[in-house]
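The sequence and the model are shown first.

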Amino acid sequence: MAEVSITVVDDGPYLVTGPVALTGPEAAGRPPGHRTVALCRCGRSADKPFCDGSHARPRATRPSRSAAP
Ligand code: FES
């Protein structure tokens, strides 16, 4: 039986590799046979629960209080 592994990527997604079944509405339309799935753990993906790479974009920064007039 093939193994399933989950790799936690630093500042990135969970990479789930192996014979896993994706179920639920978010999985609809996903081509079967994908052996590696990246699941968002930063909360910034527009394609949750999947990672869309948004974790790599710089976060919007708030203006510093000391910079206010
Ligand atoms: S971990 Fe990649 S978008 Fe959230």
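## Report on the predicted model

Read along the sequence, the chain follows the pattern β-β-β. The chain holds three strands and zero helices, where helices (H or I, at least four residues) and strands (E, at least two) are DSSP runs numbered from the N terminus. This is a predicted model, in which local features need pLDDT of at least 70 and side-chain atom pairs count only at pLDDT 80 or more, while totals for chains, interfaces and linings use all residues. Residues are numbered from 1 along each chain as its sequence is written, and side-chain values use heavy atoms, with hydrogens and water left out.

### The sheet

The three strands form an open sheet in the order E1-E2-E3, with antiparallel pairing. E1 and E3 stand at the edges with a single partner strand each, so one side of each is left without a neighbour in the sheet. On average, neighbouring strands of this sheet are turned by 20° against each other, direction ignored; the axes behind this angle are lines fitted to C-alpha atoms, for helices over the stretch in contact, and angles run from 0 to 180 degrees between N-to-C directions. Two strands pair if DSSP finds at least two bridges between them.

Strand E1 (residues 5-8) and strand E2 (residues 14-17) run antiparallel and are joined by four bridges. E2 also pairs with E3 over four bridges, again in the antiparallel sense. Leu15 takes part on both sides of E2: Thr7 has Leu15 as its bridge partner, and in E3 the bridge partner of Leu15 is Ala38.

E1 and E2 form a hairpin with five residues between them. Asp11 is placed in the loop between E1 and E2, and its phi is near 55°, a positive value in a residue other than glycine.

### Accessibility and the segment after E3

Relative accessible area is classed as buried (under 20%), exposed (over 50%) or partly exposed (in between), with a 1.4 Å probe and protein chains only. Of the 69 residues of the chain, 13% count as buried.

| Residue | Relative accessible area | Class |
|---|---|---|
| Asp11 | 70% | exposed |
| Gly43 | 45% | partly exposed |
| Ser54 | 5% | buried |

Ser54 is found in the segment after strand E3 (36-39). Leaving aside its neighbours within four places in sequence, Ser54 is in contact (heavy atoms within 4.5 Å) with Arg44 and Ser45. Gly43 also lies in the segment after E3. The C-alpha atoms of Gly43 and His55, 12 residues apart along the chain, are separated by 8.3 Å. Pro49 has its place in the segment after E3 as well, and a cis peptide bond with omega of about 10° joins Lys48 and Pro49.

### Ring contacts and totals for the chain

Arg41 lies over the face of Tyr14, at 5.5 Å from the ring centre; a charge sits over a ring if NZ of Lys or CZ of Arg is within 6 Å of the ring centre and within 35 degrees of the ring normal.

Among contacts between residues at least 6 apart in sequence, 23% join residues at least 24 apart. The chain exposes about 5,600 Å², of which carbon and sulfur atoms supply 55%; accessible areas come from the Shrake-Rupley method with a 1.4 Å probe, and for residues only the protein chains shown count as cover.
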